[in-house]
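Trainee: Could you take me through a structure step by step, and show me how each feature is read?

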Amino acid sequence: MVNSQSNHYFNFEDDFIKDLRCIPLCVRRKLDLIGIKLKLTHWQDFNLIEKNKIVDWPDSKNDLFDLKIFLKEITSNSKYGEAKEIEISINQPWQNKNKVPDQVLKSALARGINISVEKWSNLNELDRFAFCKLVRPSHEHNNLDRAFDEILK
């Protein structure tokens with residue numbers, strides 16, 4: 001099943017997509033939607049078939065419930081411990097089409113880019129999620145310029 005939001009890779013993720021050594025944003029979004037904290041070590045312990053299965057997992061409500069069960073099962077005997085449950089993302093800034101988050105707006109303006117509410121609302125949820133994750137103070141911001149170029153082109 002092809003769903004541009006559920007299994008989409010961004011071009012700015014190219015440096016780690018071939019071998020899926022890092023968790024792609026499309027998967028990180030699903031993890032937030034199901035309330036699962038998957039460690040990078042868990043992800044790196046999965047084989048490529050398992051990683052691709054998770055990437056291609058659809059993101060309907062029922063499918064996401066099944067993904068949560070699947071991830072708990074495949075990490076249940078992990079040397080890194082079972083994937084932990086966290087709060088499910090509800091009413092997060094990336095889920096609000098009607099307000100550009102301050103940090104995204106600030107990062108865009110610092111690059112001479114104006115993101116209007118209309119432009120923000122026309123982005124899909126994965127695009128908004130990517131911006132919100134990439135602008136966090138704890139993130140390295142390595143791909144932020146490329147993300148602005150790719151998503152807002």
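**Reading a predicted model**

Mentor: Let us begin with a loop: Asn91 lies between strand S2 (84-85) and helix H6 (102-110), where helices (H or I, at least four residues) and strands (E, at least two) are DSSP runs, numbered from the N terminus. This is a predicted model, in which local features need pLDDT of at least 70 and side-chain atom pairs count only at pLDDT 80 or more, while totals for chains, interfaces and linings use all residues. Residues are numbered from 1 along each chain as its sequence is written, and side-chain values use heavy atoms, with hydrogens and water left out.

Trainee: What is the phi of Asn91, and is Asn91 buried or exposed?

Mentor: Buried means under 20% relative accessible area, exposed over 50%, and partly exposed in between (1.4 Å probe, protein chains only). Asn91 is not a glycine, yet its phi is positive, at about 60 degrees, and with a relative accessible area of 72% Asn91 is exposed. Leu20, in the loop between helix H1 (14-17) and H2, also is a residue other than glycine with a positive phi, near 50 degrees, but Leu20 counts as buried because its relative accessibility is 1%.

Trainee: How many residues of helix H2 are buried, and what covers them?

Mentor: Nine of the 10 residues in helix H2 (residues 25-34) are buried, among them Leu25, Arg29 and Asp32. What covers these buried residues includes strand S1 (36-37), helix H4 (48-56) and helix H8 (125-134). Just after H2 comes Gly35, whose phi is positive, about 70 degrees.

Trainee: How should I read a nonpolar core?

Mentor: In soluble globular proteins, nonpolar side chains tend to be buried together. A nonpolar core is a set of buried Ala, Val, Leu, Ile, Met, Phe, Trp, Tyr and Cys residues joined through side-chain atoms within 4.5 Å. The largest one here has 43 residues, and Trp43, Leu71, Phe131 and Ile151 have the most contacts inside it. Elements giving two or more residues to this core include H1, H2 and helix H9 (144-151).

Trainee: Which side chain of opposite charge is nearest to Arg128?

Mentor: For charges, Lys and Arg count as positive and Asp and Glu as negative, while His and the chain ends are not counted. A salt bridge is a side-chain nitrogen of Lys or Arg within 4 Å of a carboxyl oxygen of Asp or Glu. Arg128, found in helix H8, is buried yet has no salt bridge, and the nearest side chain of opposite charge, Glu125, is 4.5 Å away.

How values were computed
Contact = heavy atoms within 4.5 Å.
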